[in-house]
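Keep the structure open as you read.

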Amino acid sequence: MKAARDARSAAVVINAGSRRGAAPELAVDTMRQAGVPISSVHRVLSGADLAGTFDRVLADGHDLVVVGGGDGTVSYAAGRVAGTNVVLGVLPLGTANDFARTLEIPNNLAEACAAIADGKVVDIDLGRANGEPFLNVASVGLSVAVTEALSPRLKRYIGPLAYSIATLTAYARHKAFRARLEFPDGDHEPMELDSLLQVAVGNGRHYGGGNTVSPTAGIDDHTLDIYAILAGPLREHVSIARLLKDGSFIKHDRVYHLTSRRVRLVTERPLPVNLDGEIATTTPTDFTVQRNAVHVVVPQSSTSALFDGPGAANWPSI
């Protein structure tokens, strides 16, 4: 694979509202000096701006689109280029940057720019929740309340620590819920679960500022990791929290874990669903995995994914 500097033309889309997105000029200059053929730069401040900007960028026929922002911004971009030959570059400018962590893209901006210029192209899976895209994790329950408690001001000033503060706030207000997991492919029996803290469906490996979905989770394994955490005494949740970083919490007595390519989540009443930090749909929710859906530039040293989707041998270099 050729480097991104061999693209025909590249566009840069920066979410100026992300934690580190206020001054993108240095990143753009760095990539240009490295030979990336950037022909247009766009700054957006809202979701509406992002949609309109991507309409224009894709209509202009760029074969490389570099997106700077947090996980929600990058997930939206991945959903727009999924199934096409447009290659995605990622500048991790958000608070958690879990997608970049999964793909081993450096958090340091200069190093991330170098990775775009000199990296390799891989294809990764994209999760879908009622058709809406997610890269890392979709979830119902406590995580939704955490997202609602995460103010932009809190994230901007204290960074990843904001997740811990928001989690404590959300936990104090959480109400347990009931859910049913159905498996359309018949690979598992339906599950009725009572008194739940959270249900999550992982497409990638990391979420929540560095937590791990499971020890075997990956963004190129063509499966979804599903876990459900039962509500219980605080001491039980503390013991689970200590195991979140490496994903070993899935072996805890109060956690159910399994894998599948399709799962339907039904709750007693409609509940909001968090997709990579954005509340984007509600239950009932059909979760699927779109295999090898997105072409993305990663560092040459990254082992997180391969370029092995349909037609890979004949796919044009950029």
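Q: Is Tyr 207 buried or exposed?
A: Buried means under 20% relative accessible area, exposed over 50%, and partly exposed in between, with a 1.4 Å probe and protein chains only. The relative accessibility of Tyr 207 is 12%. Tyr 207 therefore counts as buried.

Q: What kind of model is this, and what pLDDT do local features need?
A: Residues are numbered from 1 along each chain as its sequence is written, and side-chain values use heavy atoms, with hydrogens and water left out. This is a predicted model in which side-chain atom pairs count only at pLDDT 80 or more, totals for chains, interfaces and linings use all residues, and local features need pLDDT of at least 70.

Q: How many aromatic pairs are there?
A: Rings of Phe, Tyr and Trp (its six-membered ring) pair if their centres lie within 6.5 Å; planes under 30 degrees apart count as stacked, over 60 as edge-to-face and the rest as tilted. By this rule the count is four.

Q: Which type of pair do the rings of Phe 54 and Tyr 76 form?
A: Their centres are 5.9 Å apart. Their planes stand at 80 degrees, so the pair is edge-to-face.

Q: Which helices does the pair of Phe 54 and Tyr 76 tie together?
A: Helices (H or I, at least four residues) and strands (E, at least two) are DSSP runs, numbered from the N terminus. The pair joins parts 22 residues apart in sequence. Phe 54 is buried at 0% relative accessibility, while Tyr 76 is partly exposed at 26%. The helices are H2 (residues 47-59) for Phe 54 and H3 for Tyr 76.

Q: How are H2 and H3 oriented to each other?
A: Axes are lines fitted to C-alpha atoms, for helices over the stretch in contact, and angles run from 0 to 180 degrees between N-to-C directions. The H2 and H3 axes lie 11 Å apart, at an angle of about 40 degrees. Angles under 35 degrees count as roughly parallel, over 145 as roughly antiparallel, 65 to 115 as roughly perpendicular and the rest as oblique. H2 and H3 are therefore oblique.

Q: Why is H3 described as largely enclosed by the rest of the structure?
A: H3 spans residues 71-81. Its buried residues include Asp 71, Thr 73, Val 74 and Val 81. H3 is largely enclosed because the buried residues number nine of 11.

Q: Which residues does Pro 133 contact beyond its neighbours within four places in sequence?
A: Pro 133 lies in strand S6 (residues 132-134) and is buried, at 17% relative accessible area. Contact means heavy atoms within 4.5 Å. The partners are Ser 75, Gly 79, Leu 126, Gly 127, Arg 128 and Leu 275.

Q: What type of pair do Tyr 207 and Tyr 227 make, and which strands hold them?
A: Tyr 227 is buried, at 2% relative accessibility. The ring centres of Tyr 207 and Tyr 227 are 6.5 Å apart and their planes are at 45 degrees, so the pair is tilted. Tyr 207 lies in strand S10 (residues 206-207) and Tyr 227 in strand S12 (residues 224-230).

Q: Which residues are linked into a cluster by ring pairs?
A: Ring pairs build this cluster. Its members are Tyr 207, Tyr 227 and Phe 249.
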